[in-house]
Amino acid sequence: MVGLSVGEKHFIQGGIAQDLRTDGRRRLTYRPFNVETGVIPQANGSARVRLGGTDVIASVKAELGKPSPSQPDKGKVNIYVDCSPTAAPMFEGRGGEELSTELSGALQHCLLGGKSGAGAGIDLSSLVVVEGKVCWDLYIDGLVVSSDGNLLDALGAAIKAALTNTGIPKVEVAVGASGDGLPEVDISDDEYLQFDTSGVPVIVTLTKVGRHYIVDATLEEESQMSSAVSVSVSGQGRICGLIKRGGAGLDPSVILDMISVAKHVSEQLMNKLDSEISAAEACEEES
Amino acid sequence: MQEREEAEELVTPGEVLGKGSQVKAGRGAYFSPQNDTVYASLTGRRSLIPPSSLSSDQRPTVEVTGHSAHGAIPEPGSIVIARVTKVMARMASADIMCVGPKSVREKFTGIIRQQDVRATEIDKVDMHLSFRPGDIVRALVLSLGDARAYFLSTAKNELGVVSAESTAGATMVPMSWTEMQCPLTGQIEQRKVAKVAGQA
Amino acid sequence: MEFVSPEGLRLDGRRPMEMRQIRGEIGAVAKADGSAFFEMGNTKVIAAVYGPREVENRSQQISDQALVRCEYTMANFSTGDRVRKPKGDRRSTEISLVIRQTMEACILTHLMPRSQIDIFVQVLQADGGTRSACINAATLALADAGIPMRDLVTSCSAGYLNSTPLLDLNYVEDSAGGPDVTVGILPKLDKVTLLQMDAKLPMDIFENVMQLAIEGCKAIANYIRELLLENTKQLEYRRGP
């Protein structure tokens, strides 16, 4: 890929300084996005989110497992992200692993909270079938199909949409199960439990270019960033996670300012996303 | 020539365009000697180009014009805009940015050799008094050069430096075909300046 | 197990000679030089083509033709059971090789010496016939990238179960252990470029099964051709007069 020339760099930076970016957006405007749910019928839930030139797919698969001994009353959620070489030739072979690991880690931070599971966007205790014995393990897989910047926000949105789309089969525990062995369970084929995803946060990444910061940076704009702060904000306006990337240091007051801006932006994003998800769900039911 | 009326037609790769005895394969088409047939190799519109009256071969050429716009590629004879990256005693290297009015999509490097800087007194050229790294140069592609770079020439009045920054960081104003002046400091620097059309 | 019911219907309700629904879409990846999405029933793949461009690794450069490379990857969620496979396992490597050889045979590589063409195929969902779907997607992506080709390549599989030749096997039929013939053809030149079969078949039945697969390839070729022509018309329309 051709690097940016001096003129192009000036153009991007100057545009951001004047609140008119190269694609005509303002600093705090998202690119138009499009949500499609149920794209992977084999999964329990899935969604594809297209944000400008960025295209990601998230899928949720549920398997019955055993809760960890330290937290018998909670299910387990795992998030993995893969970067497909279709997005950029440099992801070929093991080339995408570094970015995949970074994104997986960031999403785990933003959506799952700490080790104790406190502050998780998903209610982990709702995944338990029999305390200490059987629980649902959720495997959330993200796949980057095409990359044009702001992967984290897009993946966050796709995971939220996929979780909304997810149906977990209802499980009946056979009565009279013995005390120590694994209880027998009966998985229902037609009854599904839906998740309450109103608590799942959205992720807003503010990218600092020059003296200003922007949301939803494209690949070109990201190449000009000095640092980026990703804030995950829940529907109730609570901050669930925070990640800073990039080399340059930030003044603490700037960070606080960025968080409040992110919180404000997240409200609009959340509304937009919710309406897109419900539109996608309605569309899927029709077809 | 008899196929002139149905010349506007969309084809996909592998489609038969004609017999090898009747048409020649141009761009987006290929000739298979086994069965003497010309096939399309791209998706797009096919067109027939009548042979020039001078050539002995009187077969028309069939071409397929694809839709995907590939980046421009420098060819000998084309005028390019390049940015000087390195100036050495005998040559200067430059990155080609535009071919004619089109910008390139990949990186092409070019070399301006000492003897190709100007038309006269070619052995007395001092490269360091002709270009500086960062200068924007208009040049003519002489040849495909070696494996690494195209050979470029600025040996014409309208070729040479079209835009340059002074040490103070301002865009300099051309004074003559060998000098440019910085509007901030008034300092005069030596360049092989291009005479841009419409400029006195 | 009964794969064809007495009424002559298969497990998913198809007739023995019926193909699954196919759907293609050109331009699925914005940044790639050419890309396509291809779907055969529940099998969904995305292909992206980058190039022709400068060879990254100079030692691989070929002085009289283009270097064609291919990588096949399966998404974690593409199979029924979720398995986290390491990249570059034997199956992926083998399929990458098959796709690369098939595509290389139809690209006019001698026109682009000292350059490189990368084909990346990503399986989103696997339900049998991924090889064929990948080749069909790669053909569309190569045509979208404007890379000169001898002909389109299309591929389809056919099998033989319950003494009936079946077109376009799905995963259940594929894993039944019967013979599975994957064919790739150059439809206009009428040549076979890819032929793979596992298990054994009597010669005369093999001929029938292969003929069936070739018919499938031709049907796919017609669809792909229409798709390309439609796409070109759309692009011309958008570009204006």
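Select A:Ala158 in this predicted model. Setting aside neighbours within four places in sequence, A:Ala158 is in contact with A:Ala47, A:Arg48, A:Val49, A:Val56, A:Ile57, A:Ala58 and A:Gly142.

Now widen the view. A:Ala158 belongs to the largest nonpolar core, which has 147 residues. A:Ala158, C:Ala47 and C:Ala137 have the most contacts inside that core. Another core, of 25 residues, lies apart from the largest one. Pick out some of its members in chain B, among them B:Ala82, B:Ile96, B:Leu152 and B:Leu159.

Next, show chains A and C together. Here 24 residues of chain C are in contact with 27 residues of chain A. On the chain C side, strand 3 (43–54), strand 4 (67–74) and strand 5 (115–125) each give two or more residues. Strand 5 of chain C provides the largest share, five residues. Colour this side of chain C by residue type: ten are nonpolar, eight polar and six charged.

Finish in chain B. Four strands form an open sheet in the order 1-6-7-3, with mixed pairing. Strands 1 (9–11) and 3 (24–25) of chain B are the edges, each pairing on one side only. Zoom in on strand 1 and strand 6 (residues 44–49) of chain B: they pair in the antiparallel sense over three bridges. Last stop: B:Val11, which stands opposite B:Gly44 in strand 6 of chain B.

Key. Residues numbered from 1 in each chain as written. Chains lettered and ligands numbered in written order. Predicted model: local features only at pLDDT ≥ 70, side-chain atom pairs only at ≥ 80, totals over all residues. Core = buried A, V, L, I, M, F, W, Y, C linked by C-beta atoms within 7 Å. Buried ≥ 20, exposed ≤ 12 C-beta atoms within 10 Å, placed from the backbone. Contact = placed C-beta atoms within 7 Å. Nonpolar A, V, L, I, M, F, W, Y, C, P; charged D, E, K, R; others polar. Pairing = 2+ DSSP bridges.
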